[in-house]
Amino acid sequence: MAKSMPPIADLLDNRQRILVTGGAGFIGGAVVRRLLKESNAIVFNLDKMGYASNLTSIKEVIEELGDTYQSRHYLQIVDLTDIKAVQKAVRIADPDLVIHLAAESHVDRSISSPDVFIESNIIGTYNLLKAVRSNFEQLSQKRRQQFRLHHISTDEVFGSLENEGQFSEITPYYPRSPYSASKAASDHLVRAWHHTYGLPVVLTNCSNNYGPWQFPEKLIPVAILKAIAGDSIPLYGDGLNIRDWLYVEDHVDALLLVACQGTLGRSYCIGGYSEKTNKDIVTTICAQLDKHYPDSAPHAQLIKQVTDRPGHDRRYAIDSSRISSELGWKPRHTFEEGLARTIAWYLLHQDWCKTVNQKISYSKKRLRKQKLTLC
Ligand code: NAD
Ligand code: DAU
């Protein structure tokens, strides 16, 4: 039976110093904002400030909260591949809780440039584990008892499903893209540090997130922004690949619950109970925009089938019953509510999108080569 989300300050208990890696990214930013708004914890935000990073949302919250809160957010511009810098950052943060989100996260980029995925996601996690373990071993007994490292992973480590079935915590790993293989490797490292060295860890594997502030190279922001601009909306392959969509704030609820109350050494699968084909997603977005932004309606005429992503996983679906029964989590937003909020947000933040869009320079080559077909 799902319970309501406990206050974050209660969940954190005595954990005052929180190191969030990747806190300038989409999900990390949402975690940092919630910690700043709903607790008194000091947040150390370790991020290399890459193409997907942006601090606007955090700055807005800090301004909203006033000066007192500004002293609770410390940005540490550090690349996890630099072991010395990581060791120094962890020493300074001296954390009671580490929420590890930093990773290269876009499958398309991992296909065109896998090196940085291997370096950031595998070597980066290895470096973090070494630095965190060394700090953990110096903590007082009281702080050691409450310390945790929460590693955030993806449902993509499990591979691809046919029409039936769902991924759960006992599904064997079968990653099939450079991104998912690098995430799987990092999951294995985290488990190894728990079993071999006794580092207190928890892990989560989540499905596709969406919501405000998502970097506009992922499907939902791409579709919204292309439609608003009157540009073609690229739909890979037959458009019938299925993803399970979760509103980002619901993921943050789940992450904070697992980080503080999950059983050590365990992993938790997190999904949105919201399986959709990509074609459903883009046509729903187009129909919504026909109502709220009639300028280039009917927007569905902009949907174009393009050559498929190489190795494109067919279907992901998640059985979230462990996190639901053990920790009382369930998503607070239906897909319809979350999507409506997201579309409204992108309509209001087109300037932000234009600025960050200038950082997209990757797989255009692949898309340019593709023949566009009207859907
Ligand atoms: P994102 O790309 O928006 O943000 C990732 C952040 O990590 C960026 O700010 C980036 O600069 C930082 N980073 C990357 N490599 C780094 C390095 N070497 N050193 C320091 N910082 C580095 O990604 P996101 O969508 O917010 O995803 C966050 C995490 O959640 C990732 O681990 C991802 O695998 C996982 N995840 C994402 C989703 C999703 O749908 N977005 C779903 C499940 C799991
Ligand atoms: O499942 C969780 C994963 O979800 C996370 O681990 C990743 O970090 C996150 O990026 C996301 O991966 P996907 O590859 O599923 O997300 P993306 O938004 O890139 O694509 C979603 C689906 O839409 C996928 O089937 C490919 C398709 N697609 C994507 C884009 C960008 C299109 O058809 N057209 C597009 O332009």
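User: How are helices and strands named here, and which of them supply at least two residues each to the shell around ligand 2?

Analyst: Helices (H or I, at least four residues) and strands (E, at least two) are DSSP runs, numbered from the N terminus. In this predicted model, where local features need pLDDT of at least 70, side-chain atom pairs count only at pLDDT 80 or more, and totals for chains, interfaces and linings use all residues, α10 (219-229) and β8 (233-236) each supply at least two residues of that shell. Residues are numbered from 1 along each chain as its sequence is written, and side-chain values use heavy atoms, with hydrogens and water left out.

User: Which residues are closest to ligand 2?

Analyst: A residue is near a molecule if one of its heavy atoms lies within 4 Å of it; here 22 residues surround ligand 2, the closest being T154, D155, Y179, R309 and H312.

User: Which side chains have an N or O atom beside an oxygen atom of ligand 2, and at what distance?

Analyst: A polar contact is a pair of N or O atoms within 3.5 Å. In the side chain of R243 such an atom is 3.0 Å from a ligand 2 oxygen, and in that of H312 the distance is 2.6 Å.

User: Is strand β2 buried or exposed?

Analyst: Buried means under 20% relative accessible area, exposed over 50%, partly exposed in between (1.4 Å probe, protein chains only). In β2 (residues 42-47), 5 of the 6 residues are buried, so the strand is largely enclosed by the rest of the structure.

User: How many bridges join β1 to β2?

Analyst: Two strands pair if DSSP finds at least two bridges between them; β1 (residues 17-21) and β2 run parallel and are joined by 5 bridges, with L19 opposite F44 in β2.

How values were computed
Chains are lettered from A and ligands numbered from 1 in the order in which they are written. A polar contact is a pair of N or O atoms within 3.5 Å; within protein, one must be able to donate a hydrogen and the other to accept it, and residues adjacent in sequence count only if both atoms are side-chain atoms.
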